[in-house]
Amino acid sequence: MLLLKWLKILLPLSLLTGCGFNLTKVEINEQTFVFAMYVNKSPKDESVEVTISAPLPNRLTSGRQAGGKGGGDPYAMVTQSSTTVQDALHLIQRDLSRRFDFSHTKVVVVGKSYAESGLEDLMDWLQREPTTNMNIYIMVAPGDAKKVAELTPVFEQMPSEVLIRFADQHNMITTNLKDCLFADSGNQGYALTYLTAGMKPMVADQEKLEPWTGIQGTALFHQHKLVATLPMEESLAVSWGVNELKAPLYTVSWDEKGKASAFLISTRSSKSVRMVSGHPVFTVKLSGTGDVMYKKNHKQLDTLQAKELIQHELNELIAGHLRKALHTSQRVGADVLQLGMLVDWNYPDHWKKVRSNWSDYYKNEVEIQVVTDIKIRNFGAVLKRNPK
């Protein structure tokens, strides 16, 4: 008993000090923390081009932004090409003085041509890499993914931080690695944020043109392949449909002079399914509450009639956007709202019959009904002039 007591005391101390046991440890100053990866299809052949972005600790200072003069950028980017993602990373590692660590990787951006050829190679490596975070955001670049990496991080220190902010703010659908793998395992589709890259004049630098990255819509995937893209309006509806959209702003118009903008303070969605004549009929409902932030026709008072008119226009507009998005998803067989899961949960016997061929079944046999319930809460604050 005495020996057991001494072991209870000495064992934690030995673990803390690293004495008495062969523990494998890697010092922080021996690691390269990869914050972002950019994956392209090589322009020369069928190989894959991989770029990593990692911070440079000796240049990360709290008082200096990225791209500031005098010390250079606080991050480094290294690119290599090979037959697979793993081989390309191995070539990068061979030339580095520190070992990779992907536990801090927050975002992976893939080029459009690589996405069209399929992400199976990338997804396979991400699943097998032991330090991978399953919450990594996946995004699509309109061309070369490295162009996105060249963006000017005006308000952040590194480009990867800008991309992470895009996802965290829920301005568009936020899809991570876990979502992609879950969807593919159920033979469903998924949607990724579709970025835009170009040049934009920077006011802080005397209108000098600098690389700029934004969001232009969503990219639809089936079996890890890019099959279609959606414009911004339809993308917002899809993001709403998967409960990923926060605080959108919509502008509607009526007659020749009527126009109003509504800021939606809450958004939510629900999905249901019922069997009709042996085929599933889905209902997708978008609900929300908002305030009128702008109304052009000042002669039309802020009355109940005006509120009902704006509500009607909002519901028609948003329902139309979602119907267009779902029509595109059915045309390409990409069930991005993952409606097939509802069949699995509610009608498992029917799901067993259609699961293996769900893409074609979703394209040809499925009916989707769209319902919206958008309410206007108030008209905001209006300053009235005193009568003369």
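Which residues does Asn-315 touch, not counting residues up to four places away in sequence? Asn-315 touches Thr-372, Asp-373 and Ile-374, where contact means heavy atoms within 4.5 Å. The legends below start with the whole chain and then come back to Asn-315.

This is a predicted model, in which local features need pLDDT of at least 70 and side-chain atom pairs count only at pLDDT 80 or more, while totals for chains, interfaces and linings use all residues. Residues are numbered from 1 along each chain as its sequence is written, and side-chain values use heavy atoms, with hydrogens and water left out.

**Figure 1. The whole chain has 12 helices and 14 strands.** Helices (H or I, at least four residues) and strands (E, at least two) are DSSP runs, numbered from the N terminus. Out of 388 residues, 47% count as buried; that word means under 20% relative accessible area, with exposed over 50% and partly exposed in between (1.4 Å probe, protein chains only). Among contacts between residues at least 6 apart in sequence, 69% join residues at least 24 apart.

**Figure 2. Asn-315 sits in helix H9 (residues 304-332).** With a relative accessible area of 14%, Asn-315 is buried. Its side chain reaches two backbone nitrogens: that of Asp-373 at 3.3 Å and that of Ile-374 at 3.0 Å. These are polar contacts (a pair of N or O atoms within 3.5 Å; within protein, one must be able to donate a hydrogen and the other to accept it, and residues adjacent in sequence count only if both atoms are side-chain atoms). Asp-373 also has a salt bridge with Lys-375 (3.6 Å, N to O), the term for a side-chain nitrogen of Lys or Arg within 4 Å of a carboxyl oxygen of Asp or Glu. Asp-373 is partly exposed at 28%, and Lys-375 is partly exposed at 43%.

Figure 3. Asp-144 is partly exposed at 30% relative accessibility. A salt bridge pairs Asp-144 with Lys-146 (3.1 Å, N to O), and a network of salt bridges links Glu-49, Asp-144 and Lys-146.

**Figure 4. Asp-291 and Arg-377 form a salt bridge.** Their closest N and O atoms are 2.7 Å apart. Asp-291 belongs to strand S13 and Arg-377 to strand S14 (residues 367-378), so the pair ties together parts that are 86 residues apart in sequence. Asp-291 counts as buried at 10%, whereas Arg-377 is partly exposed at 48%.

**Figure 5. Five residues make a nonpolar surface patch of about 480 Å²: Leu-249, Phe-263, Ile-265, Met-293 and Tyr-294.** Patches are made of residues with over 30% relative accessible area and no salt bridge; like charges are joined within 9 Å, nonpolar side chains (Val, Leu, Ile, Met, Phe, Trp, Tyr) within 5 Å. Strands S12 (258-276) and S13 (279-295) each supply at least two of the patch residues. Met-293, in strand S13, counts as exposed at 56% relative accessibility.

**Figure 6. Helix H2 (residues 85-94) has buried residues, among them Val-85, Leu-89 and Ile-92.** What covers the buried residues of H2 includes strand S3 (48-55), strand S4 (75-82) and helix H4 (120-128).

Methods:
Accessible areas come from the Shrake-Rupley method with a 1.4 Å probe; for residues, only the protein chains shown count as cover.
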